[in-house]
Amino acid sequence: MPENVNLLPNFIHNIIDEDLKDGKYADGIHTRFPPEPNGYLHIGHAKSICINFGTAQKYKGLCNLRFDDTNPTKEDIEYVDSIQEDVKWLGFSWDDRMFYASNYFDKLYDFAVELIKRGKAYVCDLNAEQIKEYRGTLTEPGIKSPYRDRSVEENIDLFGRMKNGEFADGAKVLRAKINMASPNITMRDPIIYRISHTPHHRTGEKWCIYPMYDFAHPLSDAIEGITHSICTLEFEEHRPLYNWLLESLGFDINSRPKQIEFARLNLTNTVMSKRKLRQLVEGNYVSGWDDPRMPTISGFRRRGYTAASIRDFCEQIGVAKSNSLVDIAMLEHCVREDLNKKANRVMAVLHPLKVVITNFPADKREDLLAENRPDSDGTRYVPFTREIYIEQADFMENAPKKFFRLKPEGEVRLKYAYIIKCNEVIKDTDGNVVELHCTYDPESKRGGATASRKIKGTLHWVSVKESLSVEVRLYDYLLKADADNQKDFITALNPNSLTVLSECRIEPSVAWVSQGTKYQFLREGYFCVDKDSRKEHLVFNRVVGLRDSWAKAKRK
């Protein structure tokens, strides 16, 4: 497990400190991360993972991984597997404490029967639309169901027949009997069991009734001995129900779980609804849950984000009690900081422009020494030949005064190599620049007589003959603006969220790299080898760009 995760003081830890001071939870702190296996985890779940596992780590306690698998219509083993992979990738371990709410279906059924016996639950025949209508509004109390006063014996009989499959989906539900006039609508006789003749991915066809999340969750916490049930702010209004269930079933007040809510993560230019992410996948707006544009943990991993950068981001944004919107630039900053220390540098040309160095021998190849990282002793050799590629944007025929790249009769330094001067511009019949003829200063290489000449521009380059052809995928924000709360968020999709460059060139040192390897392409940004890569066809994803002072000047 990573060290120093989410250890900054926060209000959750203050609550735990007070509990410990009061002598509660003498057996230690026990948290859990309880995802529903109905989709892939997103960056908001990463925050919850860090908080739950990090809190357990701080107090030398335990954290369970529990799948709240109570809705078989939307769940799949694919999601179970992906969630485990994501938690492990972030650096956390649940050891032998992986559980499922479905482990407790028999116990949960018995708890429901116990509520009926205590006069705190009843079988209701109202349909979903009627239940919603009877619930009332924020200003008007609800109306009691005509089935609310069924006897205990009748309710036990009907609930048993629901379990045995005698009724169709939606024909009956089991509801908690609380208070139809409660100012908290959640407490107006919520549904705690419903009928669903749907096979479960773990229990098969054993059950045709399933507990609701709000019923299964607190009781699963209690069964597992969870001390602090840490969840996002939207569950705050559900806390009275959480406590009501534990109290109604007789769990000791001094040892039962305590629910604490924190603000969920909201990111600019990002949708954080699992339902909407599913819509993107099923509507083929993206290539899958791990599309590098998706805010899923698997999407960030494929794009090239590191686990350390995401943990750092979660720690920097802190744990708050009120919702706010975090600029995605902060997440990008964290991955830049991490990759700057870890990623080797290479030279790649994304939009090649051919340069012929006319006074360099045509049959000569010179291997030039290059550093892998400024803070590392590692080196590599890059081949230099008569014909090279530079970036198209690094040449301007009619350049302004402060353009310090290549221009007619201008000089630039080639990284790790020589100073060259542009002598001739070759154009096609349409007037497009297709080739430059330059000369080089043979003494301007490092250690040469003229190496110290002051030249303002330094360009990256690759050899035409020795470089490799690669595909580069440039990713922009998936959404043009924050669309998490928009009804039709599809209209906010960014049509330019992916640009594929198929004719890029890169130095040959990367020929044998494996999936997930990350580099800084000099002057371009950070890039990662995609899973689509093959030995004969390398594919790189742009993780995040570098700051471009010239682009900034042009915008001004």
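Modeller: Start with E224, which sits in helix α7, residues 213-224. Keep in mind that this is a predicted model.

Biologist: Is E224 buried or exposed?

Modeller: E224 counts as buried, because its relative accessibility is 11% and the cut-off for buried is under 20%.

Biologist: What does E224 touch, leaving out residues up to four places away in sequence?

Modeller: E224 contacts H30, N64, R66, F99 and Y104.

Biologist: Switching to R135. Where is R135?

Modeller: R135 is in a loop. That loop lies between α5 (128-134) and α6 (152-163).

Biologist: And how accessible is R135?

Modeller: R135 has a relative accessible area of 29%. Buried means under 20% and exposed means over 50%, so R135 is partly exposed.

Biologist: Which residues does R135 touch, again not counting those up to four places away in sequence?

Modeller: P141, G142, M180, I185 and R188.

Biologist: How far apart are R135 and P218?

Modeller: In sequence, 83 residues. In space, R135 and P218 are 23 Å apart, C-alpha to C-alpha.

Biologist: Okay, helix packing. How do α11 and α12 cross?

Modeller: Helix α11 covers residues 307-317 and helix α12 covers 328-342. Their axes come within 9 Å, and the crossing angle is roughly 135 degrees. That angle makes α11 oblique to α12.

Biologist: Is the crossing of α11 and α12 left-handed or right-handed?

Modeller: Right-handed.

Biologist: Which residues make the contact?

Modeller: From α11, A308, S309, D312, F313, Q316 and I317. From α12, M330, L331, C334, V335, D338 and K342.

Biologist: How does that contact split by class?

Modeller: Between α11 and α12 there are seven nonpolar residues, two polar and three charged.

Biologist: Now the largest nonpolar core. Which members touch the most others?

Modeller: I43, I49 and F313, out of 39 residues in that core. F313 is also part of the contact between α11 and α12.

Biologist: Which elements give two or more residues to this core?

Modeller: The helices are α2 (43-58), α3 (77-89), α10 (297-303), α11 and α12. The strands are β2 (62-67), β26 (525-529) and β27 (538-545). The most comes from α2, with six residues.

Biologist: Back to I43. What is I43 in contact with, beyond its neighbours within four places in sequence?

Modeller: L265, L267, M272, P295, F300, I310 and F313.

Biologist: What about the second core?

Modeller: The second core is separate and has 34 residues, among them V123, F167, A176 and Y210.

Note on methods. Residues are numbered from 1 along each chain as its sequence is written. This is a predicted model: local features need pLDDT of at least 70, side-chain atom pairs count only at pLDDT 80 or more; totals for chains, interfaces and linings use all residues. Side-chain values use heavy atoms; hydrogens and water are left out. Axes are lines fitted to C-alpha atoms, for helices over the stretch in contact, and angles run from 0 to 180 degrees between N-to-C directions. Helices (H or I, at least four residues) and strands (E, at least two) are DSSP runs, numbered from the N terminus. Angles under 35 degrees count as roughly parallel, over 145 as roughly antiparallel, 65 to 115 as roughly perpendicular and the rest as oblique. A crossing is left-handed if the near helix is turned anticlockwise from the far one by less than a right angle, and right-handed if clockwise. Contact means heavy atoms within 4.5 Å. Ala, Val, Leu, Ile, Met, Phe, Trp, Tyr, Cys and Pro count as nonpolar, Asp, Glu, Lys and Arg as charged, and the others, Gly among them, as polar. A nonpolar core is a set of buried Ala, Val, Leu, Ile, Met, Phe, Trp, Tyr and Cys residues joined through side-chain atoms within 4.5 Å. Buried means under 20% relative accessible area, exposed over 50%, partly exposed in between (1.4 Å probe, protein chains only).
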